[in-house]
Amino acid sequence: MHDLIVVEGVSKRYVTSSGPVDALRDVSLSVGTGEFCTLIGPSGCGKSTLLGILGGLVGADDGRVAIDGRPVDGPDPRRVATVFQDPGLFPWRTTLENVEFGLELQGMPAARRRRVATDLLGPLGLRDFAAKYPRELSGGMRQRVAIGRALAIDTPIVLMDEPFGALDEQTRVLMGEWLLEIWRRTRKTIVFVTHSLHEALALSTRVVIMTARPGRIKSVLELPMPYPRAMESPELVGLRAKLWSDIRDESLRAMQ
Amino acid sequence: MNKQIVLIRAVILIVMLGAWEIVGRTANPALYVPPSAAIPALGRLLTLHSYPDLLEHLLLTLREILIAYAMAIAAGLGAGFALGVNRLVGRAYGPILAALYAVPAVVWYPSLMLFFGLDAASKIAFGFLLGFFPITLAVLAGIRQVNPQLLVVARAFGADGVTAFRKVTLPAMLFTLVGGLRTGLALAVIGVIVGEVLGSKSGMGSLINHAYGLFRTPDYIALVVVTLVLIVGSDAVAALLERRAQRWTE
C-alpha cells in the first residue's frame, strides 16, 4: 500500500501557566491511501494535537510530517479537509452556504459551487434543509453539514476529530454507518479520532492506540474484516476485549 | 403591527395629553402650556411664522449631526479595530475606554467650547465625543464575541488573515457592531443638541434656548416636538438597519 501520510518522530510540547506539557513524544505513523485509520486513547493523550499537526494547524516541535511526499507546513485545503468535534458552522450561513464555504475560499464561481454543494446534500440527508440555518438543525444534522463542508472541497484526505463525540449513542451509531457509506463511495483516506471502542471497531481498517500523556503509540490493531461488521461476532468481541485492556491501562494512568 | 398594541398606545397618548391639558390649564401659563396652546404654536412654527429661519437652523443641526456621526463612525471603527484585532491590547484598553465612557460627558463640554468656540465646531466635537465611545466599545465587544473555533475552521479551509476577517470576524460581530452604531447615532444627536442648548447662536438647540429664555413657552414646546421628531426619526432608521443585520446574522 502506498503511504499517503507519513509521520516520523513527531514531538509536541505545550507551554502552559502550570509549566510545560508533553503532548506527543516521538510519534511515528504511516497511513496508506484509502485507509480508515482511527486514533484512540485516553483523554489528553494528544490525539487531537496529532490531528492538528497533520492538518497543518499545529506546528510540531520535532520530527517530520509529509503528505504525498511533501512536508506539511500549514493548512493545505487542496489535500486535507478537517471536521472538528465542535462542528464550527457559521451561524449566519445556511446549510448550503456552509457547505460551499471551502469552495468559496478557493474562488470557485458561485453557480458552480452551488451545484457542487447541492449535489452533496442528497447523500448528506440534508436535501430538505438547504435553506435552514445551523440553529434550526439537530446536532447530528449540524455535524453532517460540517462533514459536507469538508467533502465539498474533495480532498484525498479527511481528518475527523471526534466528529460524533457530542451526539447521543443512537445518533452516533447511525452517523457511523452513514460515514462508512460515504467513505466506501468516495474512497478517501480518513484519519479519525474517537473515544468510542464501538466506533473504532465498526469503522476502521486500522486502530492506533495511544498512551496517556505524553502521547506515544502503544499498539496498532489491523482490522481487515469486511463491512458492515457484525459487532457480536466472536472475532470482534475478542478484539474489543483486547482493545479495551490496552486502553484501560492507559486511561487508568491518565486518571492518576 | 399588532392592532391591540396600536390601540393601547393611542389610549396612553390620549390620557397623557389629557392630563397635560388639565395640569397646563390650572398652572402658571408662563411655565406650563397645555396641548391646546402648544398645537397652534406648532402650526405657527411649521408655517414659519414664529421662527421664519427655522429651516436654516434645522439644516444646520442636521449637518452638525451628520458630520459628528460620520467622524464618530470613522474614529470609532478605526480605534475599535486597531485596539481589538490584538486580543491582549483590546482587553487592556477596554476598561479604560469604559471608564471614560462612564464619565458624564457634559463635563467635557466647557473645554470643548474653549477649544472650538461657540459655533458649529464645538457642537460637532461634542456629538463626536458622545458617539465615539459606544461605537469603539461595540467593535471591541464584537471582536471578543467571535467564536475562536470559527477562525480555526476558516484557517483549516485556507483563509489568510484578511479573508478570515472578512468572511468570519465581520459577519460574526455584525449584530453587535450595528447595535453600537445605533447607540452612537442616538448619542451623537444628543451631543449636538445639548451642545446647542448649552451655548450657541444657531441650530435647533439655540432656538429652544431662545424661546425658553423669553418665556415663549408654547413656541418652546413646539420646537422640542420638532426636535423630538428628528431624533425619533433617525433612531427609527437605525432600528430598521439593526433588524436587517439581526436577520442576517442569526
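Predicted model: local features only at pLDDT ≥ 70, side-chain atom pairs only at ≥ 80, totals over all residues.
Modeller: Residues are numbered from 1 along each chain as its sequence is written, and side-chain values use heavy atoms, with hydrogens and water left out.

Biologist: Happy to dig in! Which residue of chain B forms a salt bridge with A:Glu104?

Modeller: The closest N and O atoms of this pair are 2.5 Å apart. The partner of A:Glu104 is B:Lys167.

Biologist: And how much area is buried between chain A and chain B?

Modeller: Buried area is the accessible area (1.4 Å probe) that two parts lose on being put together, summed over both. Carbon and sulfur atoms give 69% of it here. A:Leu57, A:Trp92 and A:Leu105 supply 35% of what chain A buries against chain B, more than any other three residues. The area between the two chains is about 1800 Å².

Biologist: Where in chain A is confidence lowest?

Modeller: pLDDT is the predictor's confidence in each residue, from 0 to 100. Chain A averages 91, and its highest mean is 96, in strand 7 (residues 157-161). The lowest mean, 88, belongs to helix 7 of chain A.

Note on methods:
Chains lettered and ligands numbered in written order. Helix = DSSP H or I, 4+ residues; strand = E, 2+ residues; numbered from the N terminus. Salt bridge = Lys/Arg side-chain N within 4 Å of Asp/Glu carboxyl O.
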